[in-house]
Amino acid sequence: MSLFYKTVIPITLLLLTLLPAAITGASDRQRETMLFLPLDNRPVCSSYVVKTMEAAGYKVLVPPVRYLASYNRNGSPDELWKWLLKSAPQADAAVISTDSLIYGGLVASRTHREPQTVLEQRLKRLETLRDQFDVKLYAFSTLMRTPRASFGAVEPPYYAKIGPAIFRYSELCDSDDLIGLSLKDSLTKKALETNLPAADLQDWLERRQKNLNINSQLTQMARSNRFHFLAIGKDDNAPLSHTHMEARKLTQETYDLTQRTFQIVPGVDQLGLLLLTRAGNEINRYNPRIYAFYAEGWGPRTLPQYSDMTLGQSVPQQILAIDGRTATNAENADIVLALNTPADGIMMDSTAPSNQFFSSPQNRKYIGQLKQLLDSGSKISLADVAYSNGADNGFMNELAKTEQLQRLSAYNGWNTADNTVGFAICQGVLAPQMQPQEAEKLMRIRIIDDWYYQANARRSATAFLDSKKQKAAVYLLGACEKPVHELTLGICRDLAGRYTITEKTNFDISFPWNRLFEIEVDLKKDKKKS
């Protein structure tokens, strides 16, 4: 027998043997089932998360929406627990918001009046879950936020009036715990304690203590292997705040836990997708290598609004949360995480007057660098964090005009920088597992939401409500919803028609929480191309 037959035939037979296994693996891939209990029913916490995972080929089980928290109700911990028990046997992995199971959702965690005993009873139910079912359990909780101000019934009612004073008091408490206070600051703290309504301050502090106690007990459960992985998210906070102080205390308590099983993660609303992506990565034994590539300027030194960490500190934490690895350059990375940051390090809301459709020299230079990476074969997921709560108009306009936008693997520019970065990491990592048209749909949703609506239509809607002397409707649209919908949809559709990636997109928007702050984008059957 010739050398050809001796060599080629055995290899061919081996390939034929392996082919059915490869096909079987692909079909099994479609059957991997994730159970997902969201934080509440906001699109960024629920429907957008599910769409992302389903586009990547996973089956996702979610509870009936009537059991989840919405803008006008708390979720039902008891009904969610029943659903969890019923659904867990069907799942390969379960990602669970403990805030939903214990308080009834994120807003409820800040506003509830449940006694500690009730909260601990709900927590103990969760402790038994891993004994009952052979499922990898990924849990995420939140540290109660410390906003500078808050309106719209997402905090106790008094916060709308005295929130800034509470925030200042919180800064001083954290500073006192860290390094002590000067005489001036000590007197200021004492004056705040004296002048703030005693019942309101006590209510706020007691609820924080309950939250911290629950989180401490969750870390004990992690120590006892009740979870495959536990993440505790830091909601809106600042470098000096109660949230920052409580995270420090939890870090000290958990010195013996490795980051393989427990992390305190910046941000909250992105945690569901982070943990679902981690579960998928672990199922597939995939540790994606991610290179963070910043725009010129402050870049990794940027301290975003609503955060106590610079991007250089927080981005590696979110990469680690999906069981990823930080790459040292684009060449050895699976994904390039591009971060469009403010050149001067000062982050404002996307509705700021400065956010115009004119690109800066920094924008143009960064876009040229992204083009070079794309031309060299890099897969790029863009985190647009030059502004909070929406896109950078000048940068995005230039990116679209140069035809580089549609070459990206994913785009995000919503809410806080930490939220944006988390989604950008996940959608960038998952994009290669998607059909190209599915990845593009997800990107169009984010472009319509984060760029057209958040950075443009929302500003016009706010001005419209001001002109009608309906300023409070920003937080509860009520009868104003119809005219605001018509106005904002018109603006979004006009902008969509200007850019290739969205020009034929047929879509509608809605206000699921009856307020301006978030929308849900519904992609319909695309218009026929002429």
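Q: Why is Asn 215 called buried?
A: In this predicted model, Asn 215 has 0% relative accessibility. The cut-off for buried is under 20%. The value falls under that cut-off, so Asn 215 counts as buried.

Q: What is Asn 215 in contact with, leaving aside its neighbours within four places in sequence?
A: Asn 215 sits in helix H10, residues 198-223. Its contacts are Ser 141, Thr 142, Leu 143, Ile 232 and Leu 250. Contact here requires heavy atoms within 4.5 Å.

Q: What makes S11 and S13 a pair?
A: Pairing takes at least two bridges. Strand S11, residues 380-384, is joined to S13 by 3 bridges, so the two strands pair. They run parallel. Ala 383 stands opposite Asn 412 in S13.

Q: What makes S8 and S13 the edge strands?
A: The open sheet has 5 strands in the order S8-S7-S9-S11-S13, with parallel pairing. Strand S8 (325-326) and strand S13 (410-412) each pair on one side only.

Q: Which strands does helix H13 lie across, and at what angle to S7 does the helix run?
A: Helix H13, residues 311-321, lies across S7 (289-294), S8 and S9 (335-340). The angle to S7 is about 160°.

Q: How do you know what confidence the predictor has in the chain?
A: pLDDT gives that confidence, from 0 to 100. The protein chain averages 93, and 93% of the residues score at least 70. Over residues 1-29, pLDDT is below 50. That stretch has 8 contacts in the model beyond near neighbours in sequence.

Terms used:
Residues numbered from 1 in each chain as written. Predicted model: local features only at pLDDT ≥ 70, side-chain atom pairs only at ≥ 80, totals over all residues. Heavy atoms only, no water. Helix = DSSP H or I, 4+ residues; strand = E, 2+ residues; numbered from the N terminus. Axes fitted to C-alpha atoms, helices over the stretch in contact; angles between N-to-C directions. Buried < 20%, exposed > 50% of the residue type's maximum accessible area, 1.4 Å probe, protein only.
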